[in-house]
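Let's take a walk through a protein chain together, one piece at a time. Keep the picture open and follow along as each part is named.

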Amino acid sequence: MEVVNEAFNVAKQLLKSTVPPCTVTIDSADHYEVLAINPEKSKNILLGYVIKHADSITVGFNDKLGKNKMKQLFSDYLLQKMNAQGRIRIHDMNHQLHSDMQEAINNLMRYYNEENWYLS
């Protein structure tokens with residue numbers, strides 16, 4: 001369970017780094033979720049979330065980006081680990097996952113900024 005807690009805390013910290021401009025919508029002991037909220041567009045868009053389970057964590061990103069955009073924003077390593085809904089099941093956070101998730105979050109933030117998903 002300690003490995004799962006550590007993986008959850010690492011993923012949560014990566015997502016926390018986006019607040020602000022993104023907004024935390026769920027912050028509990030086993031679930032953390034961040035959205036980009038733009039009142040002008042009357043729409044919210046998922047940046048990512050992490051959910052802790054007994055033996056693993058699930059990290060999810062926006063699954064509405066489309067395959068081409070996901071290939072631009074996520075590493076091949078993350079894409080191989082993702083299911084069709086953009087979720088990754090992690091039993092142990094390794095250096096590659098940590099690094100690639102940080103890069104993916106940075107890429108998403110840049111992309112959302114370019115698309116004016118949040119106001120400065």
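Asp27 is partly exposed, with a relative accessible area of 48%. That label applies because the value falls between the two cut-offs: buried means under 20%, and exposed means over 50%. Please keep in mind that you are looking at a predicted model. Now find Lys12, which has a relative accessibility of 15% and so counts as buried. What joins the side chains of Asp27 and Lys12? They meet in a salt bridge, with 3.2 Å from N to O. This pair ties together distant parts of the chain: Asp27 belongs to strand E1 (residues 23–27) and Lys12 to helix H1 (residues 2–16), 15 residues apart. The count for the model comes to one salt bridge.

Stay with Asp27 for a moment and look across to the neighbouring strand. Asp27 stands opposite Tyr32 in E2. Strands E1 and E2 form a hairpin, with three residues between them, and they pair in the antiparallel sense over four bridges.

As one example to find on your screen, Ile37 has Asn44 in E3 as its bridge partner.

Now zoom out to the whole sheet. In what order do the five strands lie? They form an open sheet in the order E1-E2-E3-E4-E5, with antiparallel pairing. The edges are taken by E1 and strand E5 (87–90); each has a single partner strand, so one side of each is left without a neighbour in the sheet. On average, neighbouring strands are turned by 20 degrees against each other, if you ignore direction.

Ser56 sits in the loop between E3 and E4. Is Ser56 buried or exposed? With a relative accessibility of 0%, Ser56 counts as buried, because the cut-off for that label is under 20%. Leaving out residues up to four places away in sequence, Ser56 touches Val4, Ile51, Arg89, Ile90 and His91. By contrast, look at Ile45: Ser56 and Ile45 are 11 residues apart in sequence, and their C-alpha atoms are 25 Å apart in space.

Finally, step back and take in the whole chain. Its secondary structure comes to four helices and five strands, and along the sequence these follow the pattern α-β-β-β-β-α-α-β-α. A compact globule of 120 residues would have a radius of gyration near 14 Å, and the chain agrees with this, at 14 Å. The C-alpha atoms fill a box of roughly 45 × 30 × 20 Å along the principal axes. Buried residues make up 43% of the 120 residues. Among contacts with a separation of 6 or more, 52% come from residues 24 or more positions apart. The accessible surface comes to about 6,700 Å², and 46% of that surface belongs to carbon and sulfur atoms.

Definitions and conventions
Residues numbered from 1 in each chain as written. Predicted model: local features only at pLDDT ≥ 70, side-chain atom pairs only at ≥ 80, totals over all residues. Heavy atoms only, no water. Salt bridge = Lys/Arg side-chain N within 4 Å of Asp/Glu carboxyl O. Helix = DSSP H or I, 4+ residues; strand = E, 2+ residues; numbered from the N terminus. Buried < 20%, exposed > 50% of the residue type's maximum accessible area, 1.4 Å probe, protein only. Pairing = 2+ DSSP bridges. Axes fitted to C-alpha atoms, helices over the stretch in contact; angles between N-to-C directions. Rg over C-alpha atoms; globule rule 2.2 N^0.38 Å. Contact = heavy atoms within 4.5 Å. Areas by Shrake-Rupley, 256 points an atom, 1.4 Å probe, with all protein chains shown as cover.
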